[in-house]
Amino acid sequence: MNIPEELRYSVEHEWIRTDGARITVGITDYAQDALGDIVFIQVPEVDAILEAGSMMGEIESTKSVSEIYAPIAGTVIEVNTHLEDSPEMLNSDPYGEGWIVVMEPAAPSDLDDLLDQTQYRALTEE
Amino acid sequence: MVPFGGWEMPLSYPGGTLGEHRACRGGAVVFDVSHLGTVRVTGPGARDALQRSLTNDLNKVKPGRAQYTHLLSDDGSVLDDIIIWWVAPETFDVMPNASNTDEVVKALRSGAGADLAVQDTTSARAVLAIQGPLAREKMKDVSPEAASVARFGVKEFTFDQYRCVAAGTGYTGEDGIECAVPAAAAGAFWQAVLNAGVTPAGLGARDTLRLEAGLPLHGQDIGEGVTPLNAGLGWVVAWEKGDFPGRSALVAQSEAGVTPLLHGLRTGGRRPIRSGTEVMLDSRKIGYVSSGNFSPTLECGIALAYLSNRIPVGDTVSLSVRGTEVEAEVVDLPFVTKS
């Protein structure tokens, strides 16, 4: 299972990459593997203001449906529209081409509450 | 691996459901379908016992052919849908679904005389289904005899000195061959099929393939409370051949009017349709989805749905998907025809 060291993680199996004042969010390798072949994703609108833990979209695979949650509070400033026609990128490149949204955190200190690589690995091995 | 009718079966191999699905539409895949039961019925009375018990008419076929048929309960419900392989004049392999084998054995034994034997041979053999436009070509490397079986034909062949049976049947909408192989030879046969360049495929692809082909799944699209007439499978009912369980219930249903009726639905988006989804027309509930998913071939949502009245092909209905209304068009079945 690929869990990059430079990322942060949520208990809902999202990864968070910090880039200055912005964060990029996607689903982890563990999540995509558990979902199986992803065929559909619904993403939030640009400018959507999200509470921490609120539902921001849905992912459906051939076998199940799963919700995606905002890992921290913030505003959506960019969404990956390529996923609409090519949701399989969530499977093939979850930490790269399969990114889902870019957000501006409401309070950057919220990032401190997220899991690091070691903590997330422990979660996936429970 | 997932539990399925008392068996442990793979949902997919490492290739994934979509890859396996596409391999079947464009090449050749192999499914391990040993979970299907095999009930071997032999003897001078075998043919008559099947004629009395099941809906279809064996007079339409002959030894060396396969036939799709139903076993009904007295109220006309589909107890099981079955493929019969007519192996030799007095030898039939009756193949029910995973969990229904005991039921079928019971039905065939009831009222039977001493002139037939009914034996559950499921645990003695494996069944591998090789499916796809290249299935026959690839199978020439494994067994030229099996590869040459006709569409809906049945023939015995030898693999590694074991006697096996091949049938030109399947559950994907593609051409293909199903092979019953003695358990002792099953591992070697599976390996030979893979060595011939056939892609292994699991339950996930089996379900999306049969759905695109508009083929019903027992326990989901047919079963308790659903007759062959509800499911649009009136062609498996041979009205003229004499009595069989459920016949009078079907006659009564035809006279009263058959409802609900199975329809094909297709959406404009990629979101998979799930079973249990309500179908609405003019804000009124008119039915429910019995099977649905994403169609890898059409790249949109497809579903089999039972609707209270016949809705013409081309008309639009709506689906309530977790609070959102999604439009769907009524379409002809199958959704996808043979490649």
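Is B:Arg322 buried, exposed or partly exposed? B:Arg322 is partly exposed, because its relative accessibility is 44%; buried means under 20% relative accessible area, exposed over 50%, and partly exposed in between, with a 1.4 Å probe and protein chains only.

## Model and conventions

This is a predicted model, in which local features need pLDDT of at least 70, side-chain atom pairs count only at pLDDT 80 or more, and totals for chains, interfaces and linings use all residues. Residues are numbered from 1 along each chain as its sequence is written, chains are lettered from A and ligands numbered from 1 in the order in which they are written, and side-chain values use heavy atoms, with hydrogens and water left out.

Chain B has a mean pLDDT of 95, and 99% of its residues reach 70 or more. pLDDT is the predictor's confidence in each residue, from 0 to 100. Where pLDDT is low, the predicted coordinates should not be read in detail. For the complex, the predictor gives an ipTM of 0.89 and a pTM of 0.94.

B:Arg322 sits in the loop between β18 (316-321) and β19 of chain B. Helices (H or I, at least four residues) and strands (E, at least two) are DSSP runs, numbered from the N terminus. Phi of B:Arg322 is near 45°, a positive value in a residue other than glycine. B:Asp160 also has a positive phi, near 55°. B:Asp160 lies in the loop between β10 (154-159) and β11 (162-167) of chain B. With a relative accessible area of 52%, B:Asp160 is exposed.

Two peptide bonds to proline deserve a check. The bond from B:Thr259 to B:Pro260 is cis, with omega near -5°. B:Pro260 is in the loop between α8 (247-256) and β14 (261-267) of chain B. The bond from B:Leu333 to B:Pro334 is cis, with omega near -5°. B:Pro334 belongs to the segment after β19 (324-331) of chain B. Most residues other than glycine have a negative phi, and most peptide bonds are trans.

## Largest pocket

The largest pocket holds about 1100 Å³ of space. The search uses a 1 Å grid over the protein atoms alone: a cavity is a set of points where a 1.4 Å probe fits but cannot get out, a pocket is an open set with protein on both sides within 12 Å along at least five of seven lines, and lining residues have an atom within 4 Å of a point. Grid points are joined across faces, edges and corners, and a volume is the space filled by probe spheres set on the points.

The lining of this pocket has 48 residues. Closest to its centre are B:Asp81, B:Gly170, B:Tyr171, B:Leu215 and B:Pro216. In chain B, β1 (2-4), β5 (66-72), β6 (78-88) and α7 (203-212) each supply at least two lining residues. α7(B) gives the most, with five. By class, the lining has 24 nonpolar, 15 polar and nine charged residues. Ala, Val, Leu, Ile, Met, Phe, Trp, Tyr, Cys and Pro count as nonpolar, Asp, Glu, Lys and Arg as charged, and the others, Gly among them, as polar.

## Cavities

The whole structure has two cavities of 30 Å³ or more. The largest cavity has a volume of about 50 Å³. Its lining includes B:Met9, B:Tyr13, B:Phe31 and B:Arg206. β3 (29-32) and α7 of chain B each supply at least two residues of this lining. Seven lining residues are nonpolar, one is polar and two are charged.

The second largest cavity has a volume of about 40 Å³. A:Ile41, A:Val43, A:Asn80, A:Thr81, A:Leu83 and A:Glu84 line this cavity. They divide into three nonpolar, two polar and one charged.

## Cysteines

The structure holds zero disulfides over all chains; a disulfide is a pair of cysteine sulfur atoms within 2.5 Å. B:Cys24 is in no disulfide, and the nearest cysteine sulfur, that of B:Cys179, is 15 Å away. B:Cys24 is buried, at 0% relative accessible area.

B:Cys164 is buried, at 1% relative accessibility.

B:Thr101 is in helix α3 (residues 101-109) of chain B. Its relative accessible area is 7%, so B:Thr101 is buried. Beyond neighbours within four places in sequence, B:Thr101 contacts B:Gly37, B:Val39, B:Pro96, B:Asp120 and B:Thr122; contact means heavy atoms within 4.5 Å.

B:Ala196 lies in the loop between α6 (183-195) and β13 (199-200) of chain B. B:Ala196 is buried, at 11% relative accessible area. Leaving aside neighbours within four places in sequence, B:Ala196 contacts B:Lys138, B:Asp141 and B:Val142.
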